[in-house]
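Here are my notes on the two-chain model you sent over. Have a look at it first, then read on.

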Amino acid sequence: MRREPPQTFGDYSPLLFPAAMLTIFFVVPFGTMIAVSFFQRQQGGFYTPAFVFDNYARFLSAFFGGVLGFSLMMAIAVAICCVVLALPFTYLLTRMARRVQIVWLVALLSILSLSEVIIGFAWSTLFSRTAGITNILVALGLMGEAKALTPSFAAVLTGMVYQAFPYTVLVLFPALVRLDPTLTEAARTLGASPLRAFFTVVVPALRNTIVATLIMVFIFALGSYLLPQLLGRPQHWTLSVLITDQAIYQSNMPFAAAMAVFLVLVTLGLVALTVIAGRKGEAA
Amino acid sequence: MTSIFRKFYFFLIALFLALPLIVVAGVSVNQKQTLAFPPQGFSTSWYGEIFLNPEWRNALFASLTLAVLSAALAVAIALPLAWFLWRRVAPWATIFQLLGVAPFTLPPVITALGLLTFWATAGFYGQPWTAVVSHAIFFVTLPLVTLSLGFTSIDRSLVEAAATMGADDRTIFRTIVLPLILPYIVSGYAFAFVLSLNEYIVAYMTVGFTMETLPIKIFNALRYGYTPTMASVTVLFISTAAVIFGLVARFGDLPKLLGAMASDQK
C-alpha cells in the first residue's frame with residue numbers, strides 16, 4: 001500500500017482526536033497565557049481583561065535586567081561545562097562494547113528522568129553540614145571541620161550541570177555514533193596521538209553538532225525552575241524561578257505570563273539558530 | 001587517550017553522577033529522624049513509611065494513578081497521529097507533529113503556566129483530572145517520537161502484500177501494523193510514565209493546592225520539615241526508573257531509540 005493523500009472525510013478521522021487534544025490543551029492554553037500577559041492586575045491576586053503593556057514595561061527595570069542577565073549567563077556556563085565534560089565522555093562511550101554502552105545509557109536516562117525536586121534535595125543533602133561531602137573530607141583529614149556549601153553560586157552551578165549532563169550525552173550520542181571511525185584511524189596511522197586526533201579530527205568534524213548541542217543545553221538550562229531556589233540565594237534566581245514565584249507566591253499572573261511570553265521568544269529564537277546550525281551541518 | 005586515563009575519567013564522571021545518590025541512600029537508612037551521613041544506626045523503617053504513613057501513601061497513590069493515566073492518554077494521542085502521518089501524504093498535518101514536540105522543547109514552566117491560566121479561565125482549576133490531561137500533553141512528545149520511529153521501521157511491502165490480498169485498513173492495522181509497533185508503544189508509554197512520576201512543575205501549577213503527588217510532597221517536606229522518607233522515596237524513584245529503562249533496553253533497541261529521539265529534537 002502506497003502512501004496516498006486523504007480522499008474522503010473518513011480518511012481524516014484518525015487525526016481528529018490528536019488534533020483536537022493538542023489544539024484545545026496546548027494551543028488554546030498558550031493563547032490564554034499570551035492574553036493574560038496583557039491583562040490588568042487587581043489587588044488581591046485577581047486580574048481583569050484589558051489590553052495594557054504594563055507587564056511588559058516592568059522588563060525595563062534594573063531588577064529584571066539583572067535577573068535576565070544572570071539567567072543567560074548561568075545557562076551559558078551550564079552549557080559550556082556540560083559540553084566540555086560530555087563530549088570526550090560520549091566519544092569514548094560510543095567506542096565501547098554495546099553492553100557497556102547500554103548500562104551507561106540506562107543510568108543516564110534514570111538520572112535524566114529524576115525530578116528537579118529530587119536532584120535539588122540530593123545536592124542540598126550532599127552540600128549540607130550534617131550529611132555533606134565536607135564530612136568525608138574531615139574523615140580523610142583534609143578539612144578541619146564540616147561546613148555547609150549551600151546556598152552558593154557554585155552549588156547552583158553544580159546542581160544544574162548534574163541535571164543537564166545526561167541530557168547533553170544523549171543529545172551528542174547519535175552524532176558521535178555516526179561519526180566515521182576511519183577519520184581517527186587515518187589520523188592515528190599518520191602518527192597523531194589519541195588526544196591530538198581527538199582535538200584535530202573529532203572536534204572540527206563535529207563543529208556544527210557542538211554548536212547545536214550548546215544551544216540545546218542552554219535552552220534546557222534556561223528551563224531549570226527549582227535548583228536555583230533550592231541551592232542558591234535570591235540573587236541566584238533565574239527567569240524560570242521568577243516566573244514560578246510571581247505566578248504562585250505573588251499571585252501576579254499577568255506579569256508571570258508576560259515573562260513567560262518573553263522566555264518563549266528567547267527560546268524560539270535559539271531553536272531557529274539550532275535549525276540553521278543543523279542545516280549547515282548537513283550541507284557540509 | 002590511554003586506557004588508565006580513560007578509566008579515571010569515566011570513574012570521575014560515575015562518581016559525580018552517583019555521589020548525591022549514595023549520600024541520599026545513606027540518609028534513607030538512618031535510625032532516627034535525622035538526615036545524617038554517614039547514617040547513624042541502620043533501619044529500613046523509612047521505606048515502610050512510604051506505604052504506612054497515610055500522607056506519603058496517598059502521595060504515592062496519586063503519583064502512580066497520574067502516571068498510569070497520563071501516559072495512556074499520551075499514547076492515545078500519539079498513536080493515531082503517528083499512524084496518520086505514516087499512512088497518508090498530508091504535509092500540512094506535520095504541524096500537529098510540531099505541536100506535539102513543542103511542549104517538551106520549551107522550558108517546562110511555560111507549558112505549566114499556559115495550562116494554569118487555561119484551567120483557571122475554564123473554571124476547572126484544581127480538579128485532579130486536569131493534571132492527567134496536562135501531563136499527557138506535556139509528555140506526548142515521547143510516545144510520538146518513539147512511534148514515528150516505529151512506523152518508519154515497518155517494511156511497506158508487508159502492508160502492500162496484505163492490501164493485495166484484500167485486507168482493508170482496519171484489518172491491516174490490527175494484524176500487521178499493531179504487532180510490529182507494539183514494542184515502540186510500550187517504550188513510549190514507559191518513557192512518559194517515568195517522567196510523569198517525577199514531574200513537579202506542571203503538576204504543582206495545575207493541582208498543587210488540592211492534590212499532593214510525590215514530587216510535590218517532597219518539595220513541601222523540604223520547606224516544612226525534613227524527614228528521611230524523602231530520601232527513601234528518592235531511592236525508590238531512581239530504582240523504578242532504572243528497572244523500567246533496563247527493561248526497555250532488554251526488550252528493545254535502546255541505542256536506536258535514543259538515536260532517533262535526539263535527531264528528532266534537532
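Which residue just after α5(B) takes a positive phi? That one is B:Gly123, with a phi of about 85°.

1. Ground rules. This is a predicted model, where local features need pLDDT of at least 70 and side-chain atom pairs count only at pLDDT 80 or more, while totals for chains, interfaces and linings use all residues. Residues are numbered from 1 along each chain as its sequence is written, and chains are lettered from A, ligands numbered from 1, in the order in which they are written.

2. Chain B overall. Chain B has 13 helices and 0 strands (DSSP runs numbered from the N terminus: H or I, at least four residues, for helices; E, at least two, for strands). Its C-alpha atoms fill a box of roughly 70 × 60 × 30 Å along the principal axes. Of its 266 residues, 48% are buried, meaning that 20 or more other C-beta atoms, placed from the backbone, lie within 10 Å of the residue's own.

3. Chain B against chain A. Here 72 residues of chain B are in contact with 73 residues of chain A (C-beta atoms, placed from the backbone, within 7 Å). By class, the chain B side has 56 nonpolar, 10 polar and 6 charged residues. For that count, Ala, Val, Leu, Ile, Met, Phe, Trp, Tyr, Cys and Pro are nonpolar, Asp, Glu, Lys and Arg are charged, and the others, Gly among them, are polar.

4. Helix α5(B). The largest share of that chain B side, 10 residues, comes from α5 (residues 108–122). This helix is mostly covered, with 12 of its 15 residues buried, including B:Leu113, B:Phe118 and B:Trp119. From first C-alpha to last, α5(B) reaches 21 Å, close to the 21 Å expected at 1.5 Å a residue (1.5 Å times one less than the number of residues).

5. The axes of α4 (residues 98–113) of chain A and α12 (residues 228–251) of chain B come within 9 Å and cross at roughly 135°. Axes here are lines fitted to C-alpha atoms over the stretch in contact, with angles from 0 to 180 degrees between N-to-C directions. The two helices are therefore oblique to each other (under 35 degrees is roughly parallel, over 145 roughly antiparallel, 65 to 115 roughly perpendicular, the rest oblique).

6. Who touches whom in that pair. Among the contact residues are A:Ile102 and A:Leu109 of α4(A), and B:Ile238 and B:Phe245 of α12(B). The residues of this contact divide into 8 nonpolar, 3 polar and no charged.

How values were computed:
Contact = placed C-beta atoms within 7 Å.
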